Amino acid sequence: MIVAGLGAAGRTSANRVTQGTGYAEPYMRYWFLLPAAASLLSAQSELWPGARYDPAIPTPKTVHGYDFGERVSSHANIMKYMEALAAAAPARMKIVEYARSYEGRKLVSAIIGSEANIRRLPEIQTSMKRLRDPRKTDATEAGRLSANLPAVIMLSYGVHGNEISSPDAALATAYHLLAARSDALVNGVLANVVVMIDPTQNPDGRDRFVHNYEISAGPEPDGSPAAAERNEPWPAGRTNHYHFDLNRDWTALTQPETRGRIKLLLDWLPLVFVDLHEMSTDSTYYFAPEAVPYNPHLAEFQRKSLDWFGRNNAKWFDQFGFSYFTREVYDAFYPGYGASWPSYYGGIAMTYENASVRGLLAERTDETLYTFRQSVQKHFVASLATAETAAARRAELLANFYKYQQTAVEEGGREETREYILPRRGDASRTDRLALLLAEQGVEVRRATTPLRAAGVEYPAGSYAVALAQPAKRLIRNLLDPRVDMEAEFLKEQERRRKRKLQDEIYDVTAWSLPLQFNVECVGLKQAAEAAFEPLAAGTAMPGKVTGESTDTLAYLIPWGTNAAGRFLARALRTGLRVHSSDKPIVQSGRTYPPGTLIVKVKENGTGAGARVAAAAAASGADVTATSTGWVDEGGVNFGSSNVQWVRPPRIAMAWDAPIASGSAGHTRHVLERQFGYPVTPIRIRQMSTVDLRKFHVLILPEGSANSYSEALGANGLRRLKEWVSAGGVVVGLGGAVSFLSDTRTGLLAIQQENRVREGERPATPAAPQTEQRATGRNIEKQEQFDQAIQANSELPDDVAGVLVRARVDGEHWMGHGASEVNVLLSGRAIFTPIKLDKGNNVAVFEAPEKLLVSGYLWDENRRQLAFKPFVVTQREGRGWVIGFTADPNYRGYMDGLNVLFLNAVFRGPAHTRGGGSPSEEEQAHAK
């Protein structure tokens, strides 16, 4: 083995923490190395050779006992050091807290600049916001402002908590900018740039990694790829508390870290945003320009400016002897990345990817050693190079920022679609949430205070209008357009690769339209709508209300089919209200309440029922109607009908821990706990064979393969699961878990996963038993015959990166109540057979081939094979239910349009069992 060098310095750091002290000591694990290599391992290196530092600025060694890259810093140590720097240089550094994680950790931005620029931070913010709007700031005024403004840039580190080098590089970058006072690069940067440093975007994931590393580490670092300290247990540190990939959340804003960061960006409008990541240990370093495909809503001058940063990064990496690559792998097509979203307010957004050590030392396959300090140095050098480029290009960056706003407004005023309307009908609560989500991202949204007319059509008051002639026009197109297309040449190449059985180069989902994900109406207009409007402010409350209340109120009706009704149900059950649900329509006074409608009877709920209903309505946004009679019009059912079911407050369990897909588990838990306010009990899957499931009414199985579930549960766990369902439990399988439920070893769902259809080919003749190790001879006379001969005898459909497809819903089945047609985010390669009528129900089925694809790029063979296959399947098992979603309805927590179907499973499923486990004492008392 040889030791990978540190470029110009030619040395490396290899230290680890002394157990229990928090201090570092040199280590010499690799005693068997050549003496020269061993000495390199124990040596310290200069991160920036030749730099001279102000002793008044504290080093990490003086603050917490170790140098840069000697230890993986915890969130607490990161905060402690940043606060020490700010205390030592208060005139040149300010710390702004912008969010708190679910686990209560602070997220901050350290703002570093010259004393003069730090004094004028409020002025800089105001001026940037004036440059953002060319409708109010003309070109002359913009030029005057730009002449005196620094370039604000943001360097963001550690969005994935186990990509460990960048947060420690953030500390080194902050120190260097404050302490290297005689450095020409630093002086040039501080004269022209205000640097915002977000040291750790994901503190919960970061500390999860640090904890797992420290409890696994020995007295000396172990670089083996098999070492426990370099292999994290489930769910690993990449994601946040609810296992969300925060680098996919930028358009959905489901997490507090993302919401705070978006607000911070809109407050400061940094001209450059860099998201610093890690990749595999055997890689080198990646920086912009990006790979194709490019998002078509990027301005051409934004793409060209990526070369400025790439060339200067290359200059410094060449000087240090660091290897790197550009224009490969990492694209910016999806607008939900950190390296994409800032582009749509006019910034330059980039991803930097560094080879990961995943500890303090890594053995690479080329037999070199790679240390944590080396990885820290690379991100540190890239950070300074980026700041230097921004300083050199300050005037052009500011000019392009203003130009971006100008061209956005101009394009919005001349393109075919001039305005989008979000009609407030159907599920108005989802429409409200979409409008507020747009406002939270800086989009100008207007709410109609009168009925709205457009193109001869009238829309209800309360509908929303989003004009395209505004600075956020390109973001609006990304978020509201039904589809964003990739370049034809790129797609042609992917089809060629697919034919050759090569992995496609599509990096992430190809569809993300928010109206489609929310399943709400969005109408594009060629002319502006007519109405009286008021601006919609981010964070505007949308409370529900009770109408028709009187002294003789008998019951309250809450129409099912909206997310607000789902929130009402969850809150009502949590607060002890007794709720029923109707499987048939209820018709009163000419109004039809759809199947699934919730009924809260006053007498059953005692004193104060009205106040509790009103509180639940206000908190949930649901519209509630009070009625003073149980009489219904013809065509409806009465409140005492056998078609009206009591909705028991379900105790919901969820399978947890390896080998389950952590994202699916976390997203599902977040949807229930945070979006609908209902608790979930996660149960580690290997405990399932001993847990008393009778205490639960619902068991959710997140994504996971048939083999992994079977192995984790074991024979005893599977037996107990089947007995529980048969006794009245509801098991809900999501995505890959359906393959487990339908597996012949499980036998809970009478469907099968399909192999790929081979159109135009004759079924393969089963091979005769071979008596010798030779194949029967055959002539291959044409290329087509050869192409067929090399195909696998059977294989799964090709993998799909992520598309939105349409499914129609059986509204007569209780599982389909509240939905008629939904959009599903489909990824992977699982396609299942429909269930036979004598076995169960195909509650939601994918549409016909010509109607199936809603948005994104779907292989044509998959499109034809997926048509008329099930999305939601139910099967009666004894007194209980088995419910399968063949695609995860809670994907990334942003498929709001599928929430009602999922809530049917977990809330209304137990109401339709013939048992449902053992009721608790509280339930028995409530029933009495």
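**Aromatic pairs.** I looked up ring pairs in this predicted model and found 36 aromatic pairs. Rings of Phe, Tyr and Trp (its six-membered ring) pair if their centres lie within 6.5 Å; planes under 30 degrees apart are stacked, over 60 edge-to-face, and the rest tilted. I checked Phe 317 and Phe 322: they are edge-to-face, 5.3 Å centre to centre, with 80° between the planes. Both of these Phe residues are buried, where buried means under 20% relative accessible area, exposed over 50%, and partly exposed in between (1.4 Å probe, protein chains only). Next I took Tyr 334 and Tyr 337: the centres are 5.2 Å apart and the planes stand at 90°, so this pair is edge-to-face. Tyr 334 and Tyr 337 are buried. I also noted one aromatic cluster, with Trp 48, Trp 316, Phe 317 and Phe 322 among its members.

**Notes on the source.** The model is predicted, so I keep in mind that local features need pLDDT of at least 70 and side-chain atom pairs pLDDT 80 or more, while totals for chains, interfaces and linings use all residues. Residues are numbered from 1 along each chain as its sequence is written, and side-chain values use heavy atoms, with hydrogens and water left out.

**Charges over rings.** I searched for a charge over a ring (NZ of Lys or CZ of Arg within 6 Å of the ring centre and within 35 degrees of the ring normal). The charged end of Arg 446 is over the ring of Phe 533, 4.0 Å from its centre. Arg 474 lies over the face of Tyr 404, 4.4 Å from the ring centre.

**The open sheet.** Which order do the seven strands take? I read S4-S5-S7-S6-S8-S10-S9, with mixed pairing. Strands here are DSSP runs (E, at least two residues), and helices are runs of H or I with at least four, numbered from the N terminus. Two strands pair if DSSP finds at least two bridges between them. The edges are S4 (93-100) and S9 (285-286), each pairing on one side only. S4 and S5 (residues 106-112) are antiparallel over seven bridges. I found Ile 111 in S5 as the bridge partner of Lys 94.

**A hairpin.** S11 (residues 361-363) and S12 pair antiparallel over three bridges. Glu 363 stands opposite Leu 369 in S12. Four residues lie between the strands of this hairpin, and Glu 367 has a positive phi near 70°. Are the faces of S12 (residues 368-371) covered or uncovered? Both are covered: Thr 368 and Tyr 370 on one side, Leu 369 and Thr 371 on the other, all buried.
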